[in-house]
Amino acid sequence: MRIDTIMKRRNTLSFEVFPPKPEMDADLSGITNTLSALRVASPDFVSVTYGAGGNNRPRALDIANIVVSLGMSPLSHLTAVGYTKDETDRVLGSLGELGVENILALRGDIPVGMDRDDERHWRDFQCARDLSRHVMGHGRFCIGGAAYPEGHQESASPEADIEFMKDKVDAGTTFFITQLFFDNDRFKKFADRANASGVGAPIIAGIMPVFKARQIRRIVEISGCSVPEKLNALLDRYLDDDASMKEAGIDYAAEQISDLWDEGFGVHVYTMNKSKGVLEILRRCGFLDKDNLDKDKNDGGATK
């Protein structure tokens, strides 16, 4: 189902998964188990990402097909970096044949070693706005875009970020999913500014659970998002204690999600392919009861 249609009826709960490395999951049975486990939460859609420069795109298509086969709606990522219109049209054709109705149009990360000043790498699309406009021309897809509550690292100002969002809406984007954040107040202020500036499209909150302190420290360094004092203390305390960090991180994510849901925001969980921890978060939010989780364990679907 189209995401813009769902959002006219209710807030959305959704997940993101990524293609595992072939050497870790050659036949995709592992990610299939992960998706089967997450299905118990009845997500409104599942987004499927891939690596910088389109790395892993074929496996991302395969995973989108698995999402469809399990009765869920996929949101497939497309990036502007390194692709021509013809190449993008072929991918859109393949997605359409799979029954995919939703596209997340992104500029995409610049692969290591790529000269960002070499315009050959940008080809037909300079940014996500250009890609959105091209996808809109196909007339069959609902288009989402990325938003940055604490500002894109390459943006000149928060105001410029919001202007870029408005440009994306003009190009066909109908909803946004944010980069991960750990401070709900910052997100709410960002959403208020966007709405006051006339963005108009719904903004879904992107939440990444903290399962390992060192992993999140690396992600924060790359993304540039802030870490509230409460979470920073937990990261310091459990830097070398993964079990305790996971328990505290589940609580922290559950508090974030419950607060945002009560405020009327949709929530998109960056699962890192960790279904068991994500389902426990949702249980603590009241989205799942214990029977759901027990059934999932009995079916053998949950994965670490």
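Analyst: The lining of the largest cavity is made up of Val48, Tyr50, Arg57, Ala60, Leu61, Ser76, His77, Leu78, Val91 and Leu95. Helix H3 (57-69), strand E3 (74-79) and helix H4 are the elements that each give two or more residues to this lining. By residue class, the lining divides into 7 nonpolar, 2 polar and 1 charged. The model is a predicted one, and the lining is taken over all residues whatever their pLDDT. The space inside the largest cavity comes to about 60 Å³, and the structure holds 1 cavity of 30 Å³ or more.

Leucine 92 has a relative accessible area of 2%, so it counts as buried, the limit being under 20%. Beyond its neighbours within four places in sequence, leucine 92 is in contact with Leu78, Ile103, Val135, His138 and Phe141. One of these partners, Leu78, is also among the residues that line the largest cavity. Leucine 92 and leucine 78 stand 14 residues apart in sequence, and their C-alpha atoms are 9.0 Å apart in space.

The chain as a whole gives the setting. The protein chain has 12 helices and 8 strands. Of its 304 residues, 52% are buried. Taking contacts between residues at least 6 apart in sequence, 80% join residues at least 24 apart.

A search of the whole structure finds 4 of them. In one, the rings of phenylalanine 181 and phenylalanine 187 have centres 4.8 Å apart and planes at 0 degrees, so this pair is stacked. Phenylalanine 181 and phenylalanine 187 are both buried. Together with Phe265, Phe181 and Phe187 form one aromatic cluster.

To return to the part you asked about, the cavity lining includes Ser76, His77 and Leu78 as well as Val91 and Leu95. Strand E3 and helix H4 are among the elements with two or more residues in that lining.

Conventions: Residues numbered from 1 in each chain as written. Predicted model: local features only at pLDDT ≥ 70, side-chain atom pairs only at ≥ 80, totals over all residues. Heavy atoms only, no water. Buried < 20%, exposed > 50% of the residue type's maximum accessible area, 1.4 Å probe, protein only. Contact = heavy atoms within 4.5 Å. Helix = DSSP H or I, 4+ residues; strand = E, 2+ residues; numbered from the N terminus. 1 Å grid on protein atoms, 1.4 Å probe; cavity = no way out; pocket = protein on both sides within 12 Å on 5 of 7 lines; lining within 4 Å. Points joined across faces, edges and corners; volume = space filled by probe spheres on them. Nonpolar A, V, L, I, M, F, W, Y, C, P; charged D, E, K, R; others polar. Phe/Tyr/Trp six-rings, centres within 6.5 Å; stacked < 30°, edge-to-face > 60°.
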